[in-house]
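Dear colleague,

Please find the structure below, together with a short account of what was found in it. I would be grateful if you could read the two side by side.

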Amino acid sequence: MSLHPETSESVVNLRSKTQPAPPTPVQPAAQKPTRVFSWETREYEERPKPNGWVATVIAFAAAFAVFGIITENPLFAVIVALAAFLVIAYGKRPARTLAVRVADDGIAVSGAFHPWDAFTSFWVLAEPDGRQELRLRGSRWLLPFLAVPLGTQDPETLRRFVAELLPEREDRPTLAEVIAERFGF
């Protein structure tokens with residue numbers, strides 16, 4: 001105990017007389033090597049469309065637009081016209097080449113990254129006709145579904161890898177996908 005020089009009050013020194021030991025450096029945790037599958041594939045298989053498919057789309061759109069006008073629903077007619085335009089534009093667009101990367105942290109398709117927690121389940125579709133794709137069900141309403149063609153990837157190896165990260169649930173093509181495929185989309 002000592003006296004404060006200005007006030008002459010008792011002062012207790014609570015500081016330790018010895019210096020504390022310097023902190024030991026923290027060793028980084030051993031990181032698991034990142035597993036990565038990457039490949040390039042076409043966005044979809046380009047199929048020849050039947051002759052007159054544009055005229056068929058326009059005819060169906062016109063019939064639905066007339067129905068919208070008759071039922072006094074002009075908004076429906078406008079939506080049908082926009083949908084017909086999009087179907088024709090999409091049908092004439094050539095397939096892009098996609099760069100796909102599947103890793104422990106998520107999946108990236110042509111630069112768009114999706115972490116695994118954005119999905120609720122997966123299914124690897126490998127059909128006898130040669131169609132092979134990784135189908136992911138999303139947990140967000142903005143991305144409810146993602147189908148990625150497998151290209152040259154081994155479906156079974158990729159299935160085992162993704163099964164460690166997501167539950168596997170059978171997911172077959174929807175009626176809309178079957179119809180679109182039938183018409184060459």
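Strands here are DSSP E runs of at least two residues, numbered from the N terminus, and buried means under 20% relative accessible area (1.4 Å probe, protein chains only).

This is a predicted model, in which local features need pLDDT of at least 70 and side-chain atom pairs count only at pLDDT 80 or more, while totals for chains, interfaces and linings use all residues. Residues are numbered from 1 along each chain as its sequence is written, and side-chain values use heavy atoms, leaving out hydrogens and water.

Strand 4 (residues 97-103) runs antiparallel to strand 5, joined to it by 4 bridges; two strands pair if DSSP finds at least two bridges between them. A hairpin of 2 residues links strand 4 to strand 5, and Val102 lies opposite Ile107.

Strand 5 is also antiparallel to strand 6 (residues 112-115), again through 4 bridges. Val109 faces Ala112 in strand 6. Within the hairpin of strand 5 and strand 6, Ser110 adopts a positive phi near 50 degrees.

**Arg135**

Arg135 belongs to strand 8 (residues 132-138). Arg135 counts as buried because its relative accessibility is 0%. Beyond four places away in sequence, Arg135 touches (heavy atoms within 4.5 Å) residues including Trp123, Phe145, Asp171 and Glu177.

Key:
Buried < 20%, exposed > 50% of the residue type's maximum accessible area, 1.4 Å probe, protein only.
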